[in-house]
Amino acid sequence: MKEQKRPGLGSIGLIDMGHAADTVLRVLAANIQTIFDVEADILSPMPVPDEAFEHRRGQYDAGLILNHLSRLCLPRHRRIVAITDVDLCSPVLTYVFGQAQLGGRFAILSDFRLRNTADTTCAPSALYYERIVKVALHEIGHTFSLYHCEAPGCLMRMSPETRDLDELAVYLCNRCSFALRKNMKEVGDK
Ligand SMILES: [Zn+2]
Ligand SMILES: [Zn+2]
């Protein structure tokens, strides 16, 4: 018997916080619906918050962007994912592709370091889209309390560099899929 859509699970909202092409948002929405089995909506774009800019580093602190998002009134969506084109960092990492609140509601990712290949030429568009999708799904996984995973090819593996990301499949291993389904059904994610 086909599984019914989980009632009241809520949807995932996508916010362009830069210059994300419409295609990027639509590709992301389609992949989110496939992997997480929830609706994905494209919300109104918004600028990157100035307060997250680290003048010393010339980058934006991903955690401060998440704090900014958590202060906004966006009640309809269970999860909110922002997509930006600025370079993101964290206090302890020189850069991050994305960051999420573990078991929380917000995630941010950037295409800043996903656009080029190792020799700094422009990545082919299929590879570029694939990278964005992988980072987004990984970060959304964190919001559903998934930790990093060691299974080969699993989306929840840590990818410090694009070559690590390129080795992943758009796939969650059995253990992560099971944990995801369980976590999504728990109180607060119904
Ligand atoms: Zn991660
Ligand atoms: Zn896994």
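Reply: Val81 stands opposite Ala107 in β9. The two strands, β5 and β9, pair in the parallel sense over five bridges. Pairing here requires that DSSP finds at least two bridges between two strands. Strands are DSSP runs of E with at least two residues, helices are runs of H or I with at least four, and both are numbered from the N terminus.

A word on the model and its labels. This is a predicted model, in which local features need pLDDT of at least 70 and side-chain atom pairs count only at pLDDT 80 or more, while totals for chains, interfaces and linings use all residues. Residues are numbered from 1 along each chain as its sequence is written, and chains are lettered from A and ligands numbered from 1 in the order in which they are written.

Back to β5. β5 also pairs with β1, in the parallel sense, over seven bridges. There, Ser11 stands opposite His77 in β5. Seven of the eight residues of β5 are buried, so β5 is largely enclosed by the rest of the structure. Buried means 20 or more other C-beta atoms within 10 Å of the residue's own; exposed means 12 or fewer; partly exposed lies in between; the C-beta atoms are placed from the backbone.

Now the sheet around β5. It is an open sheet of five strands, in the order β2-β1-β5-β9-β8, with mixed pairing. β2 (40-42) and β8 (98-100) are the edges; each has a single partner strand, so one side of each has no neighbour in the sheet. From one strand to the next, the twist averages 20°. β8 and β9 pair in the antiparallel sense over three bridges. Gly98 has Leu109 of β9 as its bridge partner.

Two helices pack on this sheet. α2 touches β5, β8 and β9, and its direction makes about 135° with that of β9. α3 touches β1, β5, β8 and β9, and its direction makes about 160° with that of β9. Axes are lines fitted to C-alpha atoms, for helices over the stretch in contact, and angles run from 0 to 180 degrees between N-to-C directions. In a regular strand the side chains alternate between the two faces of the sheet.

Zoom in on one residue. Ala82 lies in strand β5. Ala82 has 27 C-beta neighbours inside 10 Å, so it counts as buried. Setting aside residues up to four places away in sequence, Ala82 touches Ile15, Met17, Ile65, Leu69 and Ile108. Contact means that the C-beta atoms of two residues, placed from the backbone, lie within 7 Å. Arg56 is 26 residues from Ala82 along the chain, and their C-alpha atoms are separated by 24 Å.

Ala82 and Val81 also belong to the core. The largest nonpolar core has 48 residues, and Leu14, Leu28, Val81, Ala82, Ala136 and Ile140 touch the most other members. Such a core is a set of buried Ala, Val, Leu, Ile, Met, Phe, Trp, Tyr and Cys residues joined through C-beta atoms within 7 Å. At least two of its residues come from each of β1 (11-17), α1 (22-36), α2, β5 (77-84), β6, β9 (106-110), α3 (125-143) and α5 (174-185).

For contrast, take a residue of α5. Asn174 is found in that helix. Asn174 is exposed, with 9 other C-beta atoms within 10 Å. Asn174 and Cys154 are 20 residues apart in sequence and 9.1 Å apart in space, C-alpha to C-alpha.

β3 and β4 (residues 59-61) pair in the antiparallel sense over two bridges. Phe53 has Tyr60 of β4 as its bridge partner.

Last, the whole chain. Five helices and nine strands make up its secondary structure. The radius of gyration is 16 Å, close to the 16 Å that the globule rule gives for 190 residues, so the chain is as compact as a globular protein of that length. That radius is taken over C-alpha atoms, and the rule is 2.2 Å times the number of residues to the power 0.38. Buried residues make up 36% of the 190. Among contacts between residues at least 6 apart in sequence, 63% join residues at least 24 apart.
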